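The sequence and the model come first, and the notes follow.

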Amino acid sequence: MRVLAAMSGGVDSAVAAARAVAAGHDVVGVHLALARDPQAVRESSRGCCSLEDSADARRVCDHLGIPFYVWDFSDRFTEDVIDDFIASYEAGETPNPCLRCNEKIKFTALLERGVALGFDAVATGHYARLTQPVDGGDGYLRRAIDPEKDQSYVLGVLGAEEISRCMFPVGDTRKPQIRAEAAALGFSVASKPDSYDICFIPDGNTQAFLGRHIGLRPGLIVDQDGNALREHRGIHEFTIGQRKGLDLRNPAADGRPRYVTDIDAATATVTVGPRERLAVRVIHADRLKFLHPAMAGEFDCDVQVRAHGGLVSCRAVVEDDAMTLYLHEPLSGVARGQAAVLYLPDAAGDIVLGSGTICGTEHSW
C-alpha cells in the first residue's frame, strides 16, 4: 500500500511513520507548511508546524530512508482555520482551531492531494484506533488505548470517507512506550515535548490577536437581570464559563463569583451570573458528520463537548443536518462553536458515532 505519512516533527508522527515502514508499506513523508510567514508560528517546544518541526521531520525521514516533502497549505490554512477562528469569535462562539485544522487541513486537504497523487492512505501520529472492518466494510473510529492521550474527540469531526483512508499506527500504545520506541530507533525527537497553544498566535496573546483582526466593538456586561455592570471592548475577549478577567468592580449581592453565561453578538452584550446558570440540559448542533450507521433518527448515546472532557449520556434526535441532544444530566459551560462528539453508550464507550458543531443550548434553570 502507498502511504503518505503526515510528519508533524514530533515523536508520535515519527513512530507512526516508522511503524508504517516496518509493516511493509511504500511510505513517503510530508510536512505541511501552514504559515505564509514562517516567523508567524511559534518557534519552541510548545508550538507546532514551525521551521524547527520541519527540520525534525526531515531528519526522521532521512533516518528511515524514505522520501520527504514539504507541502505548502498556507492559503488553505489561512482561509479554513485562521479566518474561521476570527469569524467564530466575532459571532460570539468559542472555536477550537486545532480541531478545525484536523478537519480541513491535516486530513481533508492532505487526503485530496494524496489521493490525486496515487496514495492509498494517510498515516498520522494521532492517538486513536479503527475497529476491524466487518464483511468488507470500513472500520469505525474508536478511542486510543491511552486515555490521557486519546484524540478521538478531535478526529470526530472528520467524515466517513476520510476515516476510511486513515491509519493511526500509535493508537494501540501508551505515550511512554512510544517515546521508548523512538529512542530505540535513534530518533532525536524521542524526548521532544508535546506541542501546546495556538500555532498562529506566536506570543500566546489570543485577545490581542483577535483585537487586531476584529477591532474594538464596545458593549455592555450585564447581570442575569439585565442590569448594566460595565462596558467592555469587544465580545471576542470573553468565552462561556469565563470567570477571570471580567473586571467587575461591584461584587454580586450574594458575594458569589460570577461567570460569563451568555454572549449576544448582535447587541455585543455579555451576560454574567452564578455558576449554576452555566448548566445546560439541551444542546443543538449542525454541520453533522456521520461515522457510524447508528447515528440516525433517535438514539441513546454519550456526548463529549471538550477535548479532555468527560462523557454525559443523552438522547439524540437527528433530522437532516441538525441534531438535538437531551442530556440526562446537566453540562456546565457549553459554548457555541465547540464540537459535540457522540460515542456508542456500551461498556467500552469508545466507538465514535459522529459529531456536530454546537449552535445553541437550553439552560436547566
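Arg287 counts as partly exposed, because its relative accessibility is 36%, a value between the 20% limit for buried and the 50% limit for exposed. In this predicted model, Arg287 sits in strand S12. The backbone of Arg287 has a phi near 50 degrees, a positive value in a residue that is not glycine. Most residues other than glycine have a negative phi.

Ala268 also carries a positive phi, near 55 degrees, and is likewise not a glycine. Ala268 is placed in the loop between S10 and strand S11, the latter spanning 269-273. With a relative accessibility of 1%, Ala268 counts as buried.

**Domains and the contact between domains 2 and 3**

The domain assignment divides the protein into domain 1 (2-185), domain 2 (206-273) and domain 3 (278-363). Between the C-alpha centres of domain 2 and domain 3 the distance is 27 Å. Domain 2 brings 7 residues to this contact and domain 3 brings 6 residues. The size of an interface is often given as the accessible area lost when the parts come together. For domain 2 and domain 3 the buried area is about 430 Å², and carbon and sulfur atoms give 63% of that area. On the domain 2 side, Ile240, Thr261 and Ile263 supply 71% of the area buried against domain 3, more than any other three residues.

What is the count of salt bridges between domain 2 and domain 3? The count is 0 salt bridges. For polar contact, the count between these two domains is 1 residue pair, with both residues at pLDDT 80 or more.

The unreviewed UniProt entry lists residues 207-273 as "domain: tRNA-specific 2-thiouridylase MnmA-like central". In the model, the end C-alpha atoms of residues 207-273 are 22 Å apart, and the span is 12% helix and 30% strand.

Arg233 is located in the loop that runs between strand S9 (228-232) and strand S10 (259-264). The side chain of Arg233 is joined to that of Glu237 by a polar contact of 2.8 Å. Apart from neighbours within four places in sequence, the contacts of Arg233 are Leu216, Arg217 and Pro218. Ala316 is 83 residues away from Arg233 in sequence, and the two C-alpha atoms are 38 Å apart in space.

Gln304 belongs to strand S13, residues 298-304. Its relative accessible area is 2%, so Gln304 is buried. The side chain of Gln304 makes two polar approaches listed in the table below: one to the side chain of Arg143 and one to the backbone oxygen of Arg306. Beyond neighbours within four places in sequence, the residues in contact with Gln304 include Arg143, Tyr153, Leu311, Val341 and Tyr343.

His292 is placed in the loop between strand S12 (279-290) and S13. Is His292 buried or exposed? His292 is buried, because its relative accessible area is 15%, which is under the 20% limit. The side chain of His292 reaches the backbone nitrogen of Ala294. Setting aside neighbours within four places in sequence, His292 is in contact with Tyr140, Leu344, Ile351, Val352 and Leu353.

| Side chain | Partner | Distance |
|---|---|---|
| Gln304 | Arg143, side chain | 2.7 Å |
| Arg233 | Glu237, side chain | 2.8 Å |

**Positions listed as a binding site**

Under "binding site", the unreviewed UniProt entry lists Ala6, Met7, Ser8, Gly9, Gly10, Val11, Asp12, Ser13, Leu32 and Gly125. Two of these positions are described here.

Gly9 lies in the loop that connects strand S1 (2-6) with helix H1 (11-22). Gly9 counts as buried, since its relative accessibility is 4%. Which residues is Gly9 in contact with, leaving aside its neighbours within four places in sequence? They are Asp53, Asp56, Ala57, Val189 and Lys192.

Leu32 is part of strand S2, residues 26-33. Leu32 has a relative accessibility of 9% and therefore counts as buried. Not counting residues up to four places away in sequence, Leu32 touches Trp71, Phe73, Ile105, Lys106 and Leu110.

How values were computed: Residues numbered from 1 in each chain as written. Predicted model: local features only at pLDDT ≥ 70, side-chain atom pairs only at ≥ 80, totals over all residues. Heavy atoms only, no water. UniProt positions renumbered as here; feature names shortened; annotations may be inferred. Helix = DSSP H or I, 4+ residues; strand = E, 2+ residues; numbered from the N terminus. Buried < 20%, exposed > 50% of the residue type's maximum accessible area, 1.4 Å probe, protein only. Contact = heavy atoms within 4.5 Å. Domains from an automatic or database assignment. Buried area = accessible area lost by both parts, 1.4 Å probe. Salt bridge = Lys/Arg side-chain N within 4 Å of Asp/Glu carboxyl O. Polar contact = N/O pair within 3.5 Å; in protein donor to acceptor, adjacent residues only side chain to side chain.
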